[in-house]
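Please open the model in a viewer and keep the selection panel at hand.

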Amino acid sequence: MGAKPIAGRMTADAEGGVTVFMIGMRINRFWALRSWVPVFRSMPRMLRELSRDKDGGMLGYHLLFGPPRVIYLVQYWESHEKLLAYAADQDKGHRPAWAAFNRRLREGRGKVGFWHETFVVPAGAHESVYINMPQFGLAKAAGVIPVGRRGDRAADRLSLKSA
């Protein structure tokens, strides 16, 4: 049935800065399998590659499904520099997947949509609370601690500065 909820009020054990990268696709023509299935299948390979590389910078991720035909991924990174380094690395899975996707995108004539957003969040500018939840989001990526350690109120957690 999934991960066991952690009783009480918890927060992510992430006091430093974090980079949040969201990437997704919208299937505009569901039956145009050649346009979107290869994209969907390439992401798990990259996630396995990133998860095995402990120095690569990705802290964790969540695969989510949005409105009909929308699939997206939220990734948490140590820094935007490490995210950009992975994206540009000729020896990693992203470059060939991106080149193949661009070819299919041009050939597909709008059968699949694509988007990504990157947020660089400095230390002290993020906070989180999870009540009776399994580890999720930033807490799953960075670990979880009781809320009281970082402040009982959101305002307290937002005012923290890294040492």
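Read from the N terminus, the order of elements is β-β-α-β-β-α-α-β-β-α-β-α. This is a predicted model, in which local features need pLDDT of at least 70 and side-chain atom pairs count only at pLDDT 80 or more, while totals for chains, interfaces and linings use all residues. Residues are numbered from 1 along each chain as its sequence is written, and side-chain values use heavy atoms, with hydrogens and water left out.

Next, display the C-alpha atoms of the protein chain, which fill a box of roughly 55 × 35 × 25 Å along the principal axes. Of the 163 residues, 36% count as buried (under 20% relative accessible area; exposed is over 50% and partly exposed in between, with a 1.4 Å probe and protein chains only).

Now select Ala12, Ala14, Val18, Val20, Met22, Val74, Tyr76, Val121, Tyr130, Leu138, Ala139 and Ala141: these 12 residues form the largest nonpolar core. Such a core is a set of buried Ala, Val, Leu, Ile, Met, Phe, Trp, Tyr and Cys residues joined through side-chain atoms within 4.5 Å. Two or more residues come from each of β2 (18–27), β4 (70–77) and α4 (137–142). Another core, of 11 residues, lies apart from this one and includes Met46, Leu50, Leu73 and Leu83.

Centre the view on Val74. Which residues does Val74 contact, leaving aside its neighbours within four places in sequence? They are Val20, Phe21, Met22, Gly60, Tyr61, His62 and Leu64, contact meaning heavy atoms within 4.5 Å.

Turn to the aromatic rings. Rings of Phe, Tyr and Trp (its six-membered ring) pair if their centres lie within 6.5 Å; planes under 30 degrees apart count as stacked, over 60 as edge-to-face and the rest as tilted. The count comes to 5 aromatic pairs. Select Phe30 and Trp31: their ring centres are 5.2 Å apart with planes at 80°, so the pair is edge-to-face. Phe30 is partly exposed at 40% relative accessibility, whereas Trp31 is exposed at 74%.

Finally, select Tyr72 and Trp115, a tilted pair because the planes stand at 50°, with centres 5.9 Å apart. Tyr72 belongs to strand β4 and Trp115 to strand β5 (residues 112–121), 43 residues apart. Tyr72 is partly exposed at 24%, and Trp115 is partly exposed at 27%.

Technical notes: Helices (H or I, at least four residues) and strands (E, at least two) are DSSP runs, numbered from the N terminus.
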